[in-house]
Structures are given as C-alpha cells and as structure tokens.
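Biologist: I would like to learn how to read a model like this one. Please take me through it feature by feature.

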Amino acid sequence: MKPKFYLTTPLYYVNDVPHIGHAYTTIAADVLARYKRTKGFEVFFLTGTDEHGQKVFRTAEKEGRNPHEFVDEIVVRFKNAWDKLNISYSDFIRTTDIDHTYVVQAVFEKLLAKGLIYKGEYQGLYCVHDEAYWSENQMPQDLEGRFLCPDCGRPVDLLKEDTYFFKLSAFQEKLLKYYKENPKFIQPSSRHNETVNFVKQGLRDLSITRTAFPWGIPVPSDLRHVVYVWFDALLNYISALDYPDGELFKKYWPADVHIMGKEIVRFHAVIWPAILMALEIDMPKKVFGHGWWTVDGKKMSKSVGNVVDPIALSEQYGVDAFRYFILREVPFGIDGDFSMQSFINRFNADLANDLGNLLSRSLTMIEKYFGGVVPEKPISEEDELSKELVSLIKATPQKVDESLNNLAFSDALENIWSLVITSNAYIEKQTPWALAKQNNTEQLAYVLNNLYEVLKVAAILVNPFMPDTAQNIWRQLNLPHDPAQNTDELLGIKIAGTIVKKGGSLFPRLAK
C-alpha cells in the first residue's frame, strides 16, 4: 500500500485577485505535492477560496452586486491563475460549497450540544478587513486616539451584538502542553515561539457568529446568526475529506502540513487545534508559516502601484522561471524582497548560463564526438575529478529529499544547482575538446557519460519546481518514461547507448 500525504494551502479570501503572496504559498505546496508523488506517495493537495464574511458582503454591496455572483467571478480568477502557474491540486474547495456548509453546520451543532459553544453578548473592537476582534491592550492608537488593527493598521469599529462563543479559553493549557510535547508542530521556530507567547498571555472565548450581515453559513438552530468566517473556513480541511465518515477522511487525515503566510498562523496554530481537540480529532502534523514579500524594499500596495502580478510575469518570462525564482531567492519561512533586477539576474545566471548552457554544451559534444550516442563508460578507473562528480551525483538526491521534507525549498534548489555548477566547472577542467584532439576517447567517454548522467538527475530533481523545463530536458536526453514518475526508478535508468535529440535553448538570456 502506498503511503499517503495530505497538504493544504489556506483558503484564499476572495476580496482581491491572486497576487505574489497567494502564488508563493501555492507554488510551494505544489512543489511539495509533486515531489511526494515522485517518491511514491498518494497525495491529496487541497486549495480553495474563503468566500463569506462582512468584508466580502460590503464590497459586493458597494458594487451593487449579489455576493454569490461577486465571489463566483473572483473564484474563476483564482482557478485560472493556478492553471497558468501549473498547480496540480487534487481538489479546489469553496466555502459556499453545499457539502462544506453541511459539515460546518454539523460541527457547530455538535459543539453546541457538548457545551463548548454557548450563546452570549459581545461588545468589542472589530477589524472588518481582517474579520477579527481585538482587545484595547492589543492595539495601537493613531494621533486622533482611534484604535488601529495590529495586523493591518486600519481603524477598527466598536460592535455590540448577540453571538455564540466557542470556549477557546478551555483549551489554553491543553494547547500549551501540546506545543511543549510537539515542538515541531509550528514551524519555523520563530512562529512557534510567537504562538506560545500569545497563548500564555491568556485566551478568551471566541465569538463565532454574526448577526449584522447575512452573508455566511446559517446556524441551523438559530437562523438569525451566520457562522464567523474563520470558524467556517478552518473546517474546510476536514469538510473536503467528507468528515466524519468519508473514505477520504479515513485515508488522509491528519494533514501532514498546512502551508500559509505568517499572518494567519495564529488562526491555524491556536483556534484550529482547539476546534480539533473539541471534536476529539487528531492534530495536523505541521503548521508552517512562511514570510512576506516586499517589492524593492517597500510593502506592496495598490496605491503605490508596486503589486507584483505573478500571471503577467509568468506570461512574459515563463512559468518555470517565476516558479524557480520565487522559491530560490529566499529561504522559505523568512521575508523576501522582489525586484525585477534580481529576477533577471537569477534568470540569466542560474537558468540561462548554468542549466541551459550545461544542457546545450553537453549534448552538442555527444553529437560531435560520439555521433549523438551516449558512450559507455570504459572499464578502467575514473580520474579524481570524475570520481568527485560521480560522488556528488549520488549524494544530491538525498540532500534534496532532506531539504524538501523540511520545506527548505531554496536549500533543495541550491543543492541541485551545486551539481549543475560543479558540472560546468568539470567541463572547463576536463577540456573535452582537447581530449578529442588528443584522440583520448576513453577519457572523453568518461566525461560525456558523466555529464549526461548529471542532466538526467537534474531533470528528475527540478521536475517538481519546473515541470515544463524538466520535460524539455527529458525530451532532449531522449530517455524513456517521464521525469515526473517515481524518482528512485528513474535514477536507475541506464543511459549508455541512448541517442540524444538536442533541441532549442532552455532559457534564452534576457537583456538587463
């Protein structure tokens, strides 16, 4: 039986079109999903959209639109974006889906019956943008004395309404105990520390219904109330698996990793585990909060006009180039800065010069010196340079595996590129053109066989990151099967005797 792997992105809020932050999370998840498939896992990769709440309702109202028609239009944009970015999700869930609605209502009524949800009145400061209540001691004030949301900096509203509360406070000590016993549950460690410190300050019961607007999932036993958007949205991770009795739930839960931006880790590392404890369901294995992107050192803003459009970039420079850059440029987990100059530099240095030239030069020499047929390795012992390269070829897949299991995407790419860069240096040191002039066919065969093997390994390992590029390399290598198939089997493919089919340039250089 194949091992299973269940990973998720958050549900993206449909108040805007997809931007670089959405793309970053989703591409990272896609790379992990693709890699796990090549390692023989049955993968369930979930993404989708969060469509309820006051913010959506107000935006639709301002435009004179029906909320459902409004969200339908934006959902199409997300699906189109993921198609263009080559995202291989298993399921796309919407919080307006009827199956999700049933699960949310069933969970609400179950926790109500257990006494973990109760009715009361709430008065507090509420940020419509973040759909969150805040206490005064959590919020800064502006010069006019208005309280500001600590997350987005916008003024908050004073709201008073009847509401149902989830007994979040009852789970404070249980959560702290769980964090202590499972120190790798929240990653990176900085997010773990932030969460622990937050919970230690004390948890208040969470208001989980609203009556001020109708756009949400109705509470079955009290139709004046709709379910709070975050309580609703978090349940998608089990509703998509047909909780509680569905075969998918039995097979895939608990989730192996929830991937998200750092701004929503608190919801996933505090509220979500508390809900699962209340339902007596297993915890997800990992919650990972990555960093934010700035642009040329500045926060992205529509008013400034510096919002990066991942689709426009991909259409102009290629999807794989964008996928590569966004995961190579900064370690996953810390903040990163985007600039067109850094993008162009990476494109030219890493993709055009390093990988593109290695493929072109190696296949050209195989065609020139061996009639396009990959030579057998001679029986005699290899030279020291070749031994070092062969050792690196064998070690790189394991290094990549370790990096990807830790969600260290940039480290994985760095290891692949270390092999590529070493191979380019190997060409300069071995001087195959000189070996050919000297009629040193035996050494030339060693060199070109090794270079072809490097290209085979590189194609297999870059496939999760750059699937189209991997296919292009594979076609030029003219190998059987597919670089997206089982990694271990592909690494064992014999190469001698293969007739190469050199094609065009992988990545033509960009003008600076």
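Modeller: Start with burial. Of the 512 residues of the protein chain, 57% count as buried. Buried means under 20% relative accessible area, exposed over 50%, and partly exposed in between, with a 1.4 Å probe and protein chains only. This is a predicted model: local features need pLDDT of at least 70, side-chain atom pairs count only at pLDDT 80 or more, and totals for chains, interfaces and linings use all residues. Residues are numbered from 1 along each chain as its sequence is written, and side-chain values use heavy atoms, with hydrogens and water left out.

Biologist: How many helices and strands does the protein chain have?

Modeller: There are 19 helices and 16 strands. Both are DSSP runs, numbered from the N terminus: helices are H or I with at least four residues, strands are E with at least two. The C-alpha atoms fill a box of roughly 90 × 50 × 40 Å, taken along the principal axes.

Biologist: Now the sheets. In what order do the six strands of the open sheet come?

Modeller: Pairing comes before order. Two strands pair if DSSP finds at least two bridges between them. Here the order is β3-β2-β1-β12-β13-β7, with parallel pairing. β3 (91-94) and β7 (186-187) are the edge strands, each pairing on one side only. β7 joins β13 (residues 287-290) through two bridges. Isoleucine 186 has valine 287 as its bridge partner there.

Biologist: And which strands form the antiparallel open sheet?

Modeller: Three strands, in the order β9-β11-β10. β9 (209-210) and β10 (218-219) each have a single partner strand, so one side of each is left without a neighbour in the sheet. Two bridges link β9 to β11 (residues 222-227). Arginine 210 stands opposite valine 226 in β11.

Biologist: Next, the core. Which residues have the most contacts inside the largest one?

Modeller: The general idea first. In soluble globular proteins, nonpolar side chains tend to be buried together. A nonpolar core is a set of buried Ala, Val, Leu, Ile, Met, Phe, Trp, Tyr and Cys residues joined through side-chain atoms within 4.5 Å. The largest here has 176 residues, and Leu7, Phe166, Phe231, Trp253, Leu327, Phe409 and Phe465 have the most contacts inside it. Take leucine 327. Leaving aside neighbours within four places in sequence, its contacts (heavy atoms within 4.5 Å) include Tyr24, Ile27, Phe409 and Phe465.

Biologist: What is the volume of the largest pocket?

Modeller: Rolling a probe the size of a water molecule over the atoms shows where empty space is left. On a 1 Å grid over the protein atoms alone, a pocket is an open set of points where a 1.4 Å probe fits, with protein on both sides within 12 Å along at least five of seven lines; lining residues have an atom within 4 Å of a point. The largest has a volume of about 1700 Å³. Of its 45 lining residues, Asn15, His19, His22, His129 and Glu263 are the closest to its centre. Among the elements giving two or more residues to the lining are β1 (4-13) and α1 (20-38).

Biologist: Last, a single residue. Is valine 447 buried or exposed?

Modeller: Valine 447 is buried, with a relative accessible area of 0%. This residue lies in helix α17 (residues 441-462). Beyond neighbours within four places in sequence, valine 447 is in contact with Tyr426, Gln430, Pro432 and Leu435.

Terms used. Grid points are joined across faces, edges and corners, and a volume is the space filled by probe spheres set on the points.
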